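I set out to record, entry by entry, what I looked up in this structure. The sequence and model are placed here for reference.

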Amino acid sequence: MTALARTDAGGAGGGADGGSPATSRPRHLLSVADLGAEGIAEVLRWSDRFVEVGRRPNPKVPALRGKTVACLFAEDSTRTRLSFETAARRLSADVLGFQAAGSSLGKGESLRDTVRTVAAMGVDCFVVRHPSAGVPAQVARWVDAAVVNAGDGWHEHPTQALLDCATIRQVMAERRGVPVERTGTEIFDGLRVAIVGDVAHSRVARSEVLALAALGAEVTLVAPGSLLPPSLEGWPVTGVSHELDAVLPEVDVCYVLRLQLERGTGSFLPSVREYAATFGLTARRVAAMPEGSLVMHPGPMNRGVEIASEVADMGRSLVLRQVAIGVAVRMAVLFVLLAADHASSSAPHPAAATVARGAAEELVDD
Amino acid sequence: MTDATRDAPPGARRSPAVVVRGGVVIDATGERRADVLLDGGRVVAVGEGVDVPGGATVLDAGGCVVAPGLVDLHVHLRQPGAEEAETVETGARAAVLGGYTAVVAMPNTDPPVDCAAVAREVLQLGEQAACRVAVAGAITVGRAGERLAPMAELAALGVRLFTDDGAGVQDAGVMRRALSYARSLGVTLAQHCEDRSLAAGGAMHEGPVSSRLGVPGVPAAAEEVMVARDIALCRLTGAPVHFLHLSTAGSVALVAGARAEGLPVTAEVAPHHLALTHERLEGFDPHFKVNPPLRSAEDVAALRAACASGTIDAVATDHAPHPPEAKELPLDLAAPGMLGLQTALPVTLAALGEAGMGLRQVLALLSWQPARIAGLATEQGGDQGGPVVEGAPGNLCVFDPAARVVLDPARLASRSRNTPWVGEMLTGAVRHTVVNGEPVVVDGEALR
Amino acid sequence: MAERERRLTPPRGGVFVPRVQVLSQADVLRALTRIAHEIAERNHGLDDVVLIGLQTGGVPLAHRIAQVLEETEGVAVPVGLLDVAFYRDDLGIRPVLPEAVTDIPCDLTGTTVVLVDDVLFTGRTIRAALNALTDYGRSRAVQLAVMVDRGHRELPIRPDYVGKNLPTRFDEQVDVTLDGVVLGDVVPR
């Protein structure tokens, strides 16, 4: 049986080309796997630039002027949506917001029709969040625009993983007294990360594992049996444990996942209290972690459940920093997908025609 | 009026004689180079160089296999209730284009076939259809799994198979009572094995791929617990059980054990479970979503081996038409199912050919064995399954096993288009189909 | 134009093949020294003068000019770095490098900004630089210093300080470093 064309996941290419970032830009960001180690490193380098832009009195550059970014959020999420909208606006793109809680992105109405209607208004990029896995990939098949996955069911949340990596890099650079711009991704080599909690139902966990492993970190999953996926075959993790206390003394980063009580995670556990006792990150547990180790949480936090209030407020915790760097990382993602190297997909600029005349090769404009 | 006409089977239309020339006849008795002459709805001569009466229609079968018409134990014709997806007429047309001369329509229509009135409606629609349309009745009223449907009333209309397909009967006590009742009627219950409490919410096979993709999965156990249960109930009641669309290695192992014990258990498999695996869902394309889901390569291998060893008795398409909107939804919300009638022959030939099975063995699974399970076989008083001998009912499938055709959606007779094989190169094409002595497909074109 | 950037030009670009050396290392240093003096002369001293080197070719030149001014005038003129990637109207032609940072050391309001670049060609880079500068305060004046003016202007942009006027064919390439100026061609890879 020949490979069926319809299994193509929408043209996601790899950025792991190594030599030439200008030629291996992915078309979409549906999964962290679309970037590869090289792609992740490039996004981090761009984020540095956009952090600097964010510090300016007018934190705005015209890089995506004339482009339209549509945010299709079929799931409630103020923070992520605002972060993406801010990122798009700071790049001077126009933003179409589309929240579909209960509206025409609901059951029964063709998702394809809804998306193509919005696309007809002239959209260059869709940022899609949906409670069902795979919707961004489906959208990518239905429209010409670029698609960014802002969280799809239990599947992935690539920009969350990217901003978490950016945060770790920023903190580590500070620790060493080295400017973050001169810190590559070598700091992730051998970094010991524990991801704790409801891995089975966590899109953040899946993206984090892919990103951290691609960068060379050693990832251990810590969860009760009922909150681990049915199979870990093919997961680039170094270990799995059911005992948080055994793992904590040997980690550099403890990444705490949210217990998704509103999604029924509770039925996989005897009680929330039992979970908090066995897997909750308490002050006592943090004290058992090595000196200089970090605590992270994708937010929002269930204080007192997976993370104790006092731990959330502790210096080692990076939660607010993660939020701050989010806009710069999302600017980097939008920039990588929409700017540069995509001039060929729009009407050629007069300068492009000028430069291209005569010579067969592309000339560099000085 | 000739003798042939007087002996014509009921419902045979008066049409000119037909000669199928130049093919190789393959049926349960063997394989031989032979021409076939049909008249008055029956086969009147089989042999090298038969006399062709004047005015006879000649169907060129050079390079082709001439087999008894295929019989599909499992199709969803969607009528009544979902006619935008398919009707008895369009489904039957798809069937004959696929080489089928008889199909068994599943009862999960709206309203369901759980009473004589609805069964009669579908049977009447079937009388005008291009092929024979038999009807399966529901086991329980409304397919709700609680009260038994009026099986005797339905059996009186000729219904031989009963199933709540689309769902399995969840309560063992209800199933036990249904089996006992069915046994006394001499009809067969067929089970869609799916334990709802294990399968709930699943959109694909539960395994490494679903875990990586973060898609809720249906474990193999959801099917196997019900297979095991119904084997035990078969042992308890002595009633025959037919297992619909088996999909796991564990299920076929259970069936093999039951057969070794001598229990009256039969099983079918769908072509897509012989050909496709769960990796197809990596693009989150709902066209690969089906119930039971596409499983692992190990399951596919086990199903193929079970076909070769005889543990599986029939290939049945589970032809499931859906309008585009039903597939243009997120994966977990999309309707499960794919078309099957026009792709079953090439897909099955390729998949089982890879397992080393010969044409006659494959045709057994597609024609005379399902005919028997459906109660339509000639030796049961029906008109399906051959063998192709003098006096046999004129239901034939003439196909070229080597023809390579790219599936063009415009050539699908179904009202729906939900098949993953559109645009794919398929090997094996139906050239002619003859129903009750009348050609209904000639040179790949449907006449009705 | 740095070899590094040329290597990363989108697929239709290629490799720089040098043909003739137009200025030697000594010539370049002499020109930069002259430019430094001209800057001090034209601005009647160096009060409120800020040098801004355009990434990446203008950066070493700006630093060198600042060094000369420190040695000869005894004034430490602030040096900033400016990458115009986000301001270009023709993204996709010049490759963008995340390593080329922007670092403007002070509020530019009321200052005389001297933009420093290696080659002046169509003028689009300078136009983008002028756009970018508006985000850093309203300078009193902006002047332009380039090592090579190779002609082919497409916008009304003119340099205030020039190392060398060098007529070129449109499809030629000019490579400028502190080691010299070389004329050559870009050959497809």
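I take contact to mean heavy atoms within 4.5 Å. Helices (H or I, at least four residues) and strands (E, at least two) are DSSP runs, numbered from the N terminus. Buried means under 20% relative accessible area, exposed over 50%, and partly exposed in between (1.4 Å probe, protein chains only).

I note that this is a predicted model, in which local features need pLDDT of at least 70, side-chain atom pairs count only at pLDDT 80 or more, and totals for chains, interfaces and linings use all residues. Residues are numbered from 1 along each chain as its sequence is written, chains are lettered from A and ligands numbered from 1 in the order in which they are written, and side-chain values use heavy atoms, with hydrogens and water left out.

**Helix 11 of chain B**

I looked up what covers the buried residues of helix 11 of chain B, and the cover includes strand 13 (204-205), helix 9 (249-260), strand 16 (265-269), helix 10 (271-275), helix 13 (344-354) and helix 14 (359-366) of chain B. Among the buried residues of this helix are Asp299(B), Val300(B), Leu303(B), Arg304(B) and Cys307(B). Just after the helix, Gly310(B) takes a positive phi of about 95°.

**Chain B as a whole**

I found 15 helices and 21 strands in chain B. The radius of gyration, taken over C-alpha atoms, is 21 Å for chain B, close to the 22 Å that the globule rule gives for 448 residues, so the chain is as compact as a globular protein of that length. The globule rule is 2.2 Å times the number of residues to the power 0.38. The C-alpha trace of chain B spans about 65 × 45 × 45 Å along its principal axes. Of the 448 residues in chain B, 62% are buried. Among contacts in chain B between residues at least 6 apart in sequence, 74% join residues at least 24 apart.

**Helix 4 of chain A**

I asked how many residues of helix 4 (residues 135-142) of chain A are buried. The count is 7 of its 8 residues, Trp142(A) being one of them. These buried residues pack against helix 3 (111-119), strand 3 (125-130) and strand 4 (146-152) of chain A.
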